[in-house]
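Subject: Structure handover

Hello,

Here is the structure I said I would pass on to you. Please open it first and keep it in view while you read the notes below.

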Amino acid sequence: MAAPPPQDDQETSAITFGIAAMDEHLETADLDFPASNQEILGAMGNRNVPYDPKGNTITLETALETTGQRKFGSRRELLNTLHPVFEAKRKESGFGSWLKTIFPF
């Protein structure tokens, strides 16, 4: 996904996050599919991948581990499998997360 940045005097390009950000990283990675988690990490490094427009991130290793899958047959399969991981993190960091800081029970 991509979202417009906050309106101010700074750069006005879109902020990419989730599978859109992951897809951008894959464009420059020297990676062939099928690929294991270790091959993906070897090609891309354990980079931080933004999962929301606020710039919150998850490491690639953590995202891959969260999927429970160890090998991906295609780029599309990797992105489709990572999508729910990024969505769950985005939802965690939203309003509910803010409420938990106020009412920690």
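Is Pro53 buried, partly exposed or exposed? Its relative accessible area is 38%, so Pro53 counts as partly exposed; the partly exposed class lies between the buried limit of under 20% and the exposed limit of over 50%. Please keep in mind that this is a predicted model. Pro53 sits in the loop that runs between β4 (48-50) and β5 (57-59). Along the chain, Pro53 and Ile15 are 38 residues apart, yet their C-alpha atoms are separated by 6.3 Å.

Now the overall picture. The protein has 105 residues, and 32% of them count as buried. There are 5 helices and 6 strands, and from the N terminus on their order is β-β-α-β-α-β-β-α-β-α-α. The accessible surface comes to about 6700 Å², and carbon and sulfur atoms hold 51% of that surface. Among contacts with a separation of 6 or more, 49% are between residues 24 or more positions apart.

In soluble globular proteins, nonpolar side chains tend to be buried together. Here the largest nonpolar core has 21 residues, and the members that touch the most other members are Met22, Ile40, Leu60, Leu64, Leu78 and Phe86. Two or more residues of this core come from each of α1 (19-28), α2 (37-44), α3 (60-67) and α4 (75-92). The largest share comes from α4, with 5 residues. Which residues does Leu60 touch, not counting those up to four places away in sequence? They are Met22, Ile40, Leu41, Met44, Gly45, Asn46, Arg47 and Val49.

The axes of α3 and α4 are 9 Å apart, and the angle between the helices is about 95°. That angle falls in the range from 65 to 115 degrees, so α3 is roughly perpendicular to α4. On the α3 side, the contact is made by Ala63, Leu64, Thr66 and Thr67. On the α4 side, it is made by Leu78, Thr81, Leu82, Val85 and Phe86. Of the residues in this contact, 6 are nonpolar, 3 are polar and none are charged.

A cis peptide bond joins Phe33 and Pro34, with omega about 5°. Pro34 belongs to the loop between α1 and β3 (35-36). Arg75 is placed in helix α4. In sequence, Arg75 and Pro34 are 41 residues apart, while in space their C-alpha atoms are 8.3 Å apart. Arg75 touches Phe33, as well as Asp23, Leu26 and Glu27, not counting residues up to four places away in sequence. With 30% relative accessibility, Arg75 counts as partly exposed.

Is Ala43 buried, partly exposed or exposed? Ala43 has a relative accessible area of 30%, and therefore it is partly exposed. Leaving out residues up to four places away in sequence, Ala43 touches Ala29, Asp30 and Leu31.

Regards

Note on methods: Residues are numbered from 1 along each chain as its sequence is written. This is a predicted model: local features need pLDDT of at least 70, side-chain atom pairs count only at pLDDT 80 or more; totals for chains, interfaces and linings use all residues. Side-chain values use heavy atoms; hydrogens and water are left out. A nonpolar core is a set of buried Ala, Val, Leu, Ile, Met, Phe, Trp, Tyr and Cys residues joined through side-chain atoms within 4.5 Å. Buried means under 20% relative accessible area, exposed over 50%, partly exposed in between (1.4 Å probe, protein chains only). Helices (H or I, at least four residues) and strands (E, at least two) are DSSP runs, numbered from the N terminus. Contact means heavy atoms within 4.5 Å. Accessible areas come from the Shrake-Rupley method with a 1.4 Å probe; for residues, only the protein chains shown count as cover. Axes are lines fitted to C-alpha atoms, for helices over the stretch in contact, and angles run from 0 to 180 degrees between N-to-C directions. Angles under 35 degrees count as roughly parallel, over 145 as roughly antiparallel, 65 to 115 as roughly perpendicular and the rest as oblique. Ala, Val, Leu, Ile, Met, Phe, Trp, Tyr, Cys and Pro count as nonpolar, Asp, Glu, Lys and Arg as charged, and the others, Gly among them, as polar.
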